[in-house]
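Subject: Structure handover

Hello,

Here is the structure I promised to pass on. My notes follow below it.

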Amino acid sequence: MKQVIVKNLVKKFGAFVANDHLSFEVEQGEIFGFLGANGAGKTTTIRILCGLSAPTSGEVKVATYDIYTQREQIKKHIGYMSQKFSLYNDLSISENIRLYGGIYGLSRKAIKEKIEEYIEKLQLKEYQTLKVFDLPLGVKQKLAFLVAIIHNPPIVFLDEPTGGVDPITRRQFWEMLYEEANNGKTIFVTTHYMDEAEYCHRVSIMVDGKIAALDTPEALKQKYKADSIEKVFIKLARG
Amino acid sequence: MRIFIIKEFLQIIRDRRSLLILFGIPVVQILLFGFALKSEMKNVHLAIFDQSKDAYSQEISRKMLASGYFILDRNLANAQEMDDVFREGKVREILVFGNNFGEELEKNGNAKIQIITDASDPNTANIVYSYTQAIINDYLMEINATTIKPLMINIETQMRYNPELKSVFMFVPGIITIILMLVSTMMTSISITKEKEMGTMEVLLVSPVKPWQIIMGKVVPYVILSFISAIIILMISYFVFLMPFAGSLGLLLLETILFIVLALSLGVFISTVSKTQQVAMLLSMFALLLPTILLSGFIFPVKNMPEILIWISHLLPPKWFVIIIKNIMIKGNGFMLVWKETAILVGMTILFISLSIKKFKVRLE
């Protein structure tokens with residue numbers, strides 16, 4: 001089943017074309033990497049897919065729902081984690097979980113179970129009553145991810161989730177993503193760390209509002225005769 | 001929506017700064033203004049300018065000094081001296097008898113006394129004036145008991161330096177207004193832009209929560225807290241400063257809620273046009289708070305301002321609210337006498353709410 005279907009998506013801001021006839025599909029259980037330089041248009045695309053922004057034209061379906069007519073359904077069936085971690089710094093871990101659980105309509109009992117599950121998973125027992133503000137960055141980020149999928153959506157969008165985090169924690173974070181993907185969750189992730197792109201099942205590289213390449217990391221490296229995605233990216237970006 | 005309100009409460013209560021703004025500042029301000037304006041009412045320095053020097057004028061002067069409230073600073077010989085004594089600052093009141101005071105009183109049964117007070121300390125001026133009035137009335141009763149034809153003395157007052165006689169009574173409406181403005185507008189606009197800055201607003205917008213629920217979740221806690229704050233100010237002014245309360249409490253509270261909603265919708269509007277907390281804060285401070293303090297008639301009388309400033313003051317919501325509170329609290333007017341101001345506030349509220357909704361939608365596209 002396809003979790004994202006995009007056909008000829010165009011987004012214009014006045015005369016500026018941020019997304020120029022994009023077409024791609026994302027399969028269920030796939031980790032789909034969305035790469036591009038700053039200003040290449042990836043944030044615009046992710047905002048459209050999440051319903052934060054309306055496309056100028058084109059066909060877009062997310063989690064089998066149509067972006068024009070079923071926006072409310074989409075909101076219930078996607079998870080979203082922004083670059084800024086999106087947790088409330090001045091609330092404790094369990095208060096954050098309770099809030100987001102409540103927003104997505106989880107029952108009190110379900111929320112309680114989630115709190116226990118997450119604290120167990122991230123080994124946060126001693127941090128439980130701490131405010132999020134006092135947590136290490138890596139823990140914050142993992143918690144933000146778990147909170148983003150608290151309602152068990154089939155697809156989750158991650159907008160540069162690993163900004164400013166050290167390589168070891170990034171590695172742990174990606175292990176979490178793999179685990180979720182193996183359980184059938186679709187993961188749509190933007191990043192500017194090229195080494196992370198290598199972990200994705202498939203990668204799309206955007207240049208100037210267009211998709212310049214889309215394939216598995218291996219296939220891309222072969223096609224562009226490069227030994228890393230970073231080199232592929234540089235070749236494409238220079239045209 | 002309930003969880004939002006709980007969350008917002010938790011956040012406010014944890015933030016000491018917010019609590020201070022909500023409750024600390026109002027209490028300190030009202031106490032400061034109140035006590036600074038209150039003073040001891042004994043041995044007030046009095047100057048007498050008696051141009052008649054007859055039995056009546058001298059008896060009144062004697063009674064004034066015998067009351068214990070006044071001590072004679074000096075007798076004045078001419079009108080020029082009046083300005084000088086006030087400028088020296090010790091004398092609070094000058095009692096002026098006209099040329100033929102006793103004669104007129106006997107002939108016409110009616111004479112004039114002029115009381116001039118230094119109203120730069122408005123409370124003192126007010127109290128001094130009412131003491132004098134009481135002493136003169138006493139004296140009249142005394143002499144009228146023995147004469148057949150009742151005698152009258154017209155008291156003419158002149159307040160120097162602060163003709164509007166601003167005192168703690170006058171400051172209370174201003175302080176309530178400013179506090180509500182500060183708390184409601186600034187705090188909501190800041191707390192909404194904070195969510196934008198932290199990125200949590202995006203997450204909320206992606207979730208199935210409706211925008212109006214997000215806004216309500218923000219607004220409801222502040223309505224409640226600002227309302228409590230307003231009640232504290234009212235209680236202090238009533239119990240500590242014995243502020244008169246002539247009108248209907250229910251009406252006043254309803255108008256207060258209306259003004260809070262107005263200030264909040266203004267805050268929401270500010271947050272839709274500003275990206276960061278700093279911008280929101282600056283907008284609320286400089287675009288709202290300063291004009292509010294300067295132009296709402298809270299400190300400077302609007303009447304004496306240039307035409308253009310008077311026009312600008314009409315555009316400021318606080319001005320109308322100050323009028324409403326003064327009318328209800330001090331004059332005891334009912335709704336029929338404040339409906340015009342109320343209508344203006346309702347109109348402004350609707351304007352800001354519709355502007356915010358429009359802006360909010362634009363941002364989503």
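Which side chain does Lys218(B) meet in a salt bridge? The partner is Glu195(B), at 3.1 Å from N to O. A salt bridge here is a side-chain nitrogen of Lys or Arg within 4 Å of a carboxyl oxygen of Asp or Glu.

First, the ground rules. This is a predicted model: local features need pLDDT of at least 70, side-chain atom pairs count only at pLDDT 80 or more, and totals for chains, interfaces and linings use all residues. Residues are numbered from 1 along each chain as its sequence is written, chains are lettered from A and ligands numbered from 1 in the order written, and side-chain values use heavy atoms, with hydrogens and water left out.

**Salt bridges**

Back to that pair. Helices (H or I, at least four residues) and strands (E, at least two) are DSSP runs, numbered from the N terminus. Both Lys218(B) and Glu195(B) are buried. Buried means under 20% relative accessible area, exposed over 50%, and partly exposed in between (1.4 Å probe, protein chains only). Shared partners join Lys7(B), Glu8(B), Glu195(B) and Lys218(B) into one salt-bridge network.

Over all chains, the structure holds 25 salt bridges. One of them links Asp227(A) and Lys231(A), with the closest N and O atoms 3.1 Å apart. Asp227(A) is exposed at 56%. Lys231(A) is partly exposed at 45%.

**Strand 3 of chain B**

Five of the five residues of this strand (residues 93–97) are buried, so it is largely enclosed by the rest of the structure. Glu93(B), Leu95(B) and Phe97(B) cover one side, Ile94(B) and Val96(B) the other. Strand 3 pairs with strand 1 (residues 44–50) in the parallel sense over five bridges. With strand 4 (residues 110–118) it pairs in the antiparallel sense, also over five bridges. Pairing requires at least two DSSP bridges between the strands.

**Where the chains meet**

Chain B gives 25 residues to the contact and chain A gives 29. Contact means heavy atoms within 4.5 Å. The area buried between them is about 2400 Å². That is the accessible area (1.4 Å probe) that two parts lose on being put together, summed over both. Arg14(B), Val206(B) and Pro208(B) supply 25% of what chain B buries against chain A. Four salt bridges run between the chains. Glu72(A) and Lys210(B) form one of them, at 4.0 Å.

Best wishes
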